[in-house]
Amino acid sequence: MKEFMMIFRNEKTNQPKPSPEQMQAMIKQWQDWIGGIAAQGKFVSTNALGYEGQTVNSNGIVSDGPYAEVKEMIGGYIIVKAENLADAVKLSEGCPTLLMGGKVEVRDVMILN
């Protein structure tokens, strides 16, 4: 099996912060979805990304914030094992990012020897 990375993308919004109850419900959705992948033996790793960061351009200019000049944010990723790209895309079904109107970018992971 090959490894694939799913990158979770959402548009920036001015929505109010979710309540603690809403946060718990969202966390449960993520746990259930990732747990389903793990139950198939296809989970490798995952992490969320924070809001602090800077972008370094090729000309040496550093700008504040992760991709501050675009409307879309990368919130995190998961690495999974799958036979091929189509199987990895199928694993994205039910991803909470999709339920919130976001996108999942699925990419193969190149192993450098």
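In the predicted model, strands β1 and β5 run antiparallel and are joined by ten bridges. Within β5, Ile 78 is the residue that stands opposite Met 6. β5 also pairs with β2, again in the antiparallel sense, over five bridges; here Ser 45 has Ile 79 of β5 as its bridge partner. A further antiparallel pairing, over six bridges, links β1 to β6, and Ile 7 has Glu 105 in β6 as its bridge partner.

Together these pairings give an open sheet of four strands with the order β2-β5-β1-β6 and antiparallel pairing. β2 and β6 (103–108) are the edge strands, each pairing on one side only. On average, and with direction ignored, neighbouring strands of the sheet are turned by 20° against each other.

The largest pocket of the model has a volume of about 1200 Å³. Its lining comprises 33 residues, of which Asn 10, Met 26, Tyr 51, Gly 75 and Met 100 are the closest to the pocket centre. Two or more lining residues come from each of the elements β1 (2–11), α1 (20–39), β2 (43–48) and β5 (72–82). The helix α1 gives the most to this lining, with eight residues. By class, 17 residues of the lining are nonpolar, 13 are polar and three are charged.

Terms used
Residues numbered from 1 in each chain as written. Predicted model: local features only at pLDDT ≥ 70, side-chain atom pairs only at ≥ 80, totals over all residues. Heavy atoms only, no water. 1 Å grid on protein atoms, 1.4 Å probe; cavity = no way out; pocket = protein on both sides within 12 Å on 5 of 7 lines; lining within 4 Å. Points joined across faces, edges and corners; volume = space filled by probe spheres on them. Nonpolar A, V, L, I, M, F, W, Y, C, P; charged D, E, K, R; others polar. Pairing = 2+ DSSP bridges. Axes fitted to C-alpha atoms, helices over the stretch in contact; angles between N-to-C directions.
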